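Below is a colleague's note, written to be read with the sequence and the coordinates open side by side.

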Amino acid sequence: MTKYAPITVYTYNRYDHFTKTIEALRNNYLAENSILYVVSDAAANEKDENLVKKIRDYSKKISGFKSVELIFRKENLGPLQSIYGAEREIIDSHGRIISMEDDNITSRNFLNFMNQGLERFEYEQSVYSICGYCPAVKRSNKELGDIWLYPWNISWGYATWKQKYDLLNPLINNYEQLKTEGILRRVNRMGGLYITDSLKRDYMKTAYFPDAILCCNMTKLDMVSVIPSISKVFNIGNDGSGNSKGANTNKYDVLLDEGAKTIFDFNITKQSLSAEMTKEVARFYNGRLVTRLARKIGIYDRLLSLKQNYG
C-alpha cells in the first residue's frame, strides 16, 4: 500500500496566493488521499492582522483532502521558526513531507510525481529531494525523459525523507568553513554562483537564504535532487509580494504539465543530459553578464537596490 506523504503549505498574509495554491492542490488526483497541513504564522503588526485572520477563516473551511490539520501560531515567529519548526515536527511524525510555499500552483499530477518519486528514491543515498519545479530553459523533453538530476534543491514544492532531512538540518550557515573546505569553489565550478552569492549574503545578514545553506551542504555530501522535465509547479509569487519584494518578473513562468499521465519513468538512463541541464539551469539562475559580475564581486545587493529604485 502506498504511503502518501503529508502536504505542508506555509503561509502568512498573501490571501490570494494562498487560496489559489490550495485550490490547485485540491484539484490534484491524489488530494483526497493526502493529509494537508496549513502552517499560518501570526501577524507581525496590526496592518497584517486582518489578512492573517482572513487566511485562517478560509483554512477552517478547506475540504477535498483526507484531512486538514491547522497549525496557527499564537505569536509571530518569523519564517525561520514558523516554517522549519513545523517542518521538523511533521517530518518527525510522518517520516516524509511535501513542503510548499503559498504561491506554488501545481499541476493535477503534482502529488503523483512527488509520491512516486519518494517511493522510487527512498533508499538511494545520493537523492535528497523530489522537486516539482523545472525552470523555463531550452531543451528537448522527448530526449530528456520524465526526469533529470540537478545538484541542488529547488524549493518551490519539493518532497524529502526524514533520514535525509536529518543529514542537512538544522540549516546553519557555515560560510567560512565551507569556503575553507573548498566547497564554495566546487559549487561555483558546477555553475552555482547564484548559490554561493546567496550564502554569503545570508551569512552577512543582508538577506535571508536558507535554501543556499541547504544547497551548499548537498554539494558537500554529493547529493542531488530529482527534477521533472516538464514543470509540475508554477510560482505566482514573483510579483513583488512576500519575501521577494521588489522582484516583479515573468522570468520563472512555465507551462504546467497538464497531462493525465500519473505513472512516471524515474529511471536515469542519460546522465549526460543531466549535466547539460545543470549548466543550462545554472546559467538561467545566475542571470545576465552584469548580474554574474555583481555576484562575483559581492555587490549584487546594491544592483538589486538600483533596479528597485530606478526600474
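This is a predicted model: local features need pLDDT of at least 70, side-chain atom pairs count only at pLDDT 80 or more; totals for chains, interfaces and linings use all residues.

The numbered points that follow take up the sheet, the helices, the cysteines and the salt bridges in turn.

1. Eight strands make up an open, mixed sheet whose order is 3-2-1-4-8-6-9-7. Strand 3 (67-72) and strand 7 (147-150) are the edge strands, each of them pairing on one side only, and from one strand to the next the twist averages 25°.

2. Strand 1 (residues 7-11) is paired with strand 4 (residues 96-101) in the parallel sense over 4 bridges, and within this pairing Thr-8 has Ser-99 as its bridge partner. By contrast, strand 7 and strand 9 (residues 224-228) are paired in the antiparallel sense, also over 4 bridges, with Trp-148 facing Ile-227 as its bridge partner in strand 9. The side chains of strand 7 divide into two sets, Ile-147 and Leu-149 pointing one way and Trp-148 and Tyr-150 the other, yet all are buried.

3. Helix 3 (residues 78-94) lies across strand 1, strand 2, strand 3, strand 4 and strand 8 (158-161), and runs at about 155° to strand 4.

4. How far does helix 3 reach from its first C-alpha to its last? The reach is 24 Å for 17 residues, close to the 24 Å expected at 1.5 Å a residue. The buried residues in helix 3 include Tyr-84, Ile-90, Ile-91 and His-94, and the helix is followed by Gly-95, which has a positive phi near 85°.

5. How many disulfides does a search of the whole structure find? The search returns 0. Cys-216 is in no disulfide, the nearest cysteine sulfur being that of Cys-215 at 7.1 Å, whereas a disulfide would require the sulfur atoms to be within 2.5 Å. Cys-216 is buried, with a relative accessible area of 0%, and Cys-134 likewise counts as buried, at 1% relative accessibility.

6. Among the 16 salt bridges in the structure is the one between the side chains of Arg-14 and Asp-102, at 2.6 Å from N to O. Because Arg-14 lies in the loop between strand 1 and helix 1 and Asp-102 in the loop between strand 4 and strand 5, the pair ties together parts that are 88 residues apart in sequence. Arg-14 is buried, at a relative accessible area of 13%, and Asp-102 is buried as well, at 5%.

7. Two further salt bridges lie within helices. In helix 2, Lys-53 and Asp-57 are 4 residues apart, about one turn of the helix, and their closest N and O atoms are 2.8 Å apart; Asp-57 is partly exposed, at 30%. In helix 3, Arg-88 and Asp-92 meet at 2.9 Å, N to O, and are likewise separated by about one helical turn. Both are partly exposed, Asp-92 at 39% and Arg-88 at 24%, and they belong to a network of salt bridges that also links Lys-162 and Asp-166.

Methods: Residues are numbered from 1 along each chain as its sequence is written. Side-chain values use heavy atoms; hydrogens and water are left out. Two strands pair if DSSP finds at least two bridges between them. Axes are lines fitted to C-alpha atoms, for helices over the stretch in contact, and angles run from 0 to 180 degrees between N-to-C directions. Contact means heavy atoms within 4.5 Å. The expected span of a helix is 1.5 Å times one less than its number of residues. Buried means under 20% relative accessible area, exposed over 50%, partly exposed in between (1.4 Å probe, protein chains only). A salt bridge is a side-chain nitrogen of Lys or Arg within 4 Å of a carboxyl oxygen of Asp or Glu.
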